[in-house]
Amino acid sequence: MELRFFLFMTTLKYFIVDVFAQKKFTGNPVAVVEVEKPLDESLMLKIAQEMNFRETSFVSTEPNEAGHYKLRIFTPKKEVAFSGHPTLGTAYVIKHYLSYNKENNISLQLKSGITSVQCITVKKNGSDFISKKKSILLSDQKQPEFGHIFEPVLLSRVLGIEPADIDSEYPIQEVFSGLGFIIVPIKTLKKLKEIKINSERYNWLVQKTKAKVIQAFCHETENPEHNIHTRVFADYYKIPEDAASGSGAGCLAAYVVKYDYFNQSNIELLVEQGYEIGRPSLIIAKASLKDDSLDVNIGGRVILSAKGEIII
C-alpha cells in the first residue's frame, strides 16, 4: 500500500526566496510554486496556509503564446490581484530555474494585468548592498490611483499615536496600484516606531474603506544613505506587519512625487522597512511625473534560501 502511494503521488516543486533582501535571511520571504497544470483554487489556498508566509505565488512552468507566465498570488486568507515581492520573487525563479535562455525581461500575467520585470545591473554605488557588481530585479507598476482622504484624528486612533504626530502638511490618502494602501505621513522616526495598531479600531476602519492596508512613513531613516523609513500593517490579509511591501513602496513613491514631498518630479528612493520585526529590507522605488501621468517602478535584490517539493 505504501509503495502504491509513492507511485501515484503528485509533487510540486517550490522555492523560498528572500525579496528586497540586504543579505540572506533578511527581506520578505515568499514561496514560489511551479504549476504545470492548473490547480484548484482551494488547493492553492491550502498550500499558502501550509507555507504560512505573507504570500505564496503559483507560476506556470511555461509562458503562454503571448510570452506571459501566468501568476497567481495567495495570502493565508485569500487571493490578491497583485503584490510586489511575490512578483519579483517569481521572476527570479523563472530567470534562474524555468527559463532556458535565462532571459532578462520577464512578462507576468497577474489578475491585475500584465507586469514586466527586468533583471538589471546597478550602475552606481550607494547603500550596503547595491554596487556595480550586484544585479536587481525591477518591475513596473500599474498607473497609481488616488482615493479618499482621511482626518488625522481617525488614523491616530488606529495607530495608537497622537494626531500631532502625523505630518499635517501632507494628506492621509488611499493610493492604489494593484493593491490599495492608506498612506500616513509621520513627523519623526521615533513616533513611527511607537505605532501599535488598535485592532478594534483597525477592523472598524477597513470595513468602511476600499484600501485595507495602512502604510505609515517618515523621512528619517535608520541608515543615513536611505530616503524613507516605512511600516506596513495588513491584518486584513492576516499580515500584522509586513517586512517589505513592493506595491506599497510604489504607491508611496507616487504619493511623494504627487505631493512634492522631496521637491522632485522624478525620483529614485531607497525605502527601508521591516526593522521593527527583525527582517530589515530595502526597496528601490522610482516614480516620475509626465504631464498628468505617473510612471512607477519598484525593485530590489532577491536571494534563494530553500527549495523542495510539495506532496499533494
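Which residues does Val256 touch, not counting residues up to four places away in sequence? The views below, taken from a predicted model, start there.

**View 1. Contacts of Val256.** Val256 touches Phe217, Ile228, Tyr261, Phe262, Ile267 and Leu269. Residues up to four places away in sequence are left out of this list.

**View 2. The largest nonpolar core.** This core has 57 residues. Val256 is among those with the most contacts inside it, along with Val17, Leu88, Leu108, Leu137, Phe217 and Leu269. Helix H7 supplies the largest share of the core, eight residues. Domain 1 (11-140 + 302-311) and domain 2 (145-300) both contribute residues, so the core lies between them. In soluble globular proteins, nonpolar side chains tend to be buried together.

**View 3. Helix H7 along its length.** H7 runs over residues 246-258. At 1.5 Å a residue, its 13 residues should span 18 Å. The end C-alpha atoms are 18 Å apart, which agrees. H7 is mostly covered, with twelve of its 13 residues buried. The buried residues include Gly246, Cys251, Leu252, Tyr255 and Val257.

View 4. Gly248 itself is buried.

Technical notes. Residues numbered from 1 in each chain as written. Predicted model: local features only at pLDDT ≥ 70, side-chain atom pairs only at ≥ 80, totals over all residues. Heavy atoms only, no water. Helix = DSSP H or I, 4+ residues; strand = E, 2+ residues; numbered from the N terminus. Expected span 1.5 Å × (residues − 1). Buried < 20%, exposed > 50% of the residue type's maximum accessible area, 1.4 Å probe, protein only. Core = buried A, V, L, I, M, F, W, Y, C linked by side-chain atoms within 4.5 Å. Domains from an automatic or database assignment. Contact = heavy atoms within 4.5 Å.
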